[in-house]
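Let us walk through this structure step by step. Start where the chains meet, then look inside one of them.

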Amino acid sequence: MSSGDYKALALSLALLLIAICLPWVVGDFTVTLAVNMAMFTVLATSWALFSGPTHYISLATAAFFGLGTYTMALGLDFLPYWVLIPLAGLFGALMAGIIGLATLRLSGVYFVIFTLGLAEMTRQIITFVQNATGQKGILISIWFEETTFYWMLVGLAALIFLLGWLIGRSRLGFALRIIGDDEEVARHSGINTSLSKVMLFMIPGAAAAMTGALIAPRYGYIEPLIAFTPMLSFQVVIMALLGGTGRLWGPLVGVIPFSILWEIISASFPNQTTLLLGLSFLLIVYLLPQGFVGLLLKIKAKLNNGGGS
Amino acid sequence: MSEQRTVLSLRGVTKRFGGLVAVNQLDFDVAEHEVLGLIGPNGSGKSTTLNLISGALPVSEGEIALRDQIISDLPAQRIARRGVARTFQLVRMLPSMTVKENVMAGAVFGHRRRWGREADRQVMRMLELVGLERRANARPSELTYIDTKRVELARVLVGDPKVLLLDEWLAGLNPTELEEGIALVKQLRDEGRTIVLVEHVMDAIRSLCDRCVVMSSGQKIAEGVTETVLSDPEVIKAYLGEDDA
């Protein structure tokens, strides 16, 4: 490891320590907000691990998240909570693998539409099954404090960061960067582009399913509209793009301000959330195409040039 | 020539796009350490042939073998790993990466795969070979046209391919760059690399190619030693047209 790596590791550990200690120094409302932030950090960071280098915009987060919540809701009668979280991750990875094999040969636009349709289709199927059986939702009988959810999510986020860091230094990470730049060159350089994309797509699939499973008891009552809300997929994309996908820490930089903004929007304009979400999407793409990361790198480059002249 | 081992062979290779036959029953062999020119007028099927060899396009009929192993049923990435490396008619850089990373792509995933320090050393060796060792950390956007071509060449060379396919690698260069380009390919030939060269620049063909295969309308119309082939009346007719020949 280089000295830069050690510095980054020390900074990451310091930030992790601050994140762990946060519930002891802030009030209940902030902890609730922090749970959402930690949840979106996991979702947006894992999303960017795949979509960042490949430029494939996945709107399947809600499908994986919903799969996780239902794994927890249906599985609690048979298995302990702690076993169901990795099991949900396994299901999420399998689902992502199957979707990936079927769709990642397609060009980007078809992939976007497919992933959006997948979440909706899964929701409709579960709604149909529940209506047919006369069941409306599933009650979850276990419950945790907000701080417990928060710490679990911070742990999962740390795991995702570690995984992202390892992938970034691996052949797979390098292959994905090449694919993102030019898939034709990647193929002719000897990279199995389909397999590489499928392997990496399984990570956001597993992470979103584990998040859904982990946080399911927070909802208490699971129904398709909660578990598979399409809004979640869009929020993840917006937060990741706002932060920027060019660096592992990029999405985190987007999650923090957007979660606060979203809290204000939801409280002040509860009936216009979708409209404001769409508007913020447009503004981010137009004003910050590379996110905060791109902006920071641009400022840094300007300062360096200025210093050199 | 007869003692040299055949590295690449095409037998009855045909490519159809709907009703259009772009390559028709093409046969030829490439011997080890040979530079074979694949020439012909525009639209004669040369680049399509390179695309068929490299797996960018599937063959409609026929077989392509690399050292007696059929590769025409393999996807492009497996053909690359078996040892067929190619450049593109229009240079394809990896824009977000440095020159070194561009070349590293071939070192990590190509025919002879390397990682870590060994890959690093090999990449720097290739950058030295193409004269770009001082531009290792530059971005493709900062390079001249010929330098992007050099990077592409280093990327395909770094994996020690058995056959190198150069698709109009000298096209678009100014006279000085052309001289440099020809000298570089000559250096590769002297190193004993096996090269299939699709080219229009006659000076380059004359000075670089041991043999030539001439294509016209998807078919092979001549094959043999370069000077003999280039003076063949049928080849002259294919290039210049019936009236001018």
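The contact takes 17 residues from chain B and 16 residues from chain A; two residues are in contact if their C-beta atoms, placed from the backbone, lie within 7 Å. On the side of chain B that touches chain A, two elements give two or more residues: α2 (76-82) and α3 (99-109) of chain B. Helices here are DSSP runs (H or I, at least four residues), numbered from the N terminus. That side of chain B divides into 9 nonpolar, 5 polar and 3 charged residues. Ala, Val, Leu, Ile, Met, Phe, Trp, Tyr, Cys and Pro count as nonpolar, Asp, Glu, Lys and Arg as charged, and the others, Gly among them, as polar.

A word on the source. This is a predicted model, where local features need pLDDT of at least 70, side-chain atom pairs count only at pLDDT 80 or more, and totals for chains, interfaces and linings use all residues. Residues are numbered from 1 along each chain as its sequence is written, while chains are lettered from A and ligands numbered from 1 in the order in which they are written.

Now chain B itself. It is divided into domain 1 (1-83 + 162-245) and domain 2 (95-160), with bounds from an automatic or database domain assignment. Their centres, taken over C-alpha atoms, are 25 Å apart. In the contact between them, 13 residues of domain 1 of chain B meet 7 residues of domain 2 of chain B. On the domain 1 side, α2 and α6 (175-190) of chain B each give two or more residues. The largest share, 4 residues, comes from α6(B). By class, this side has 5 nonpolar, 3 polar and 5 charged residues.
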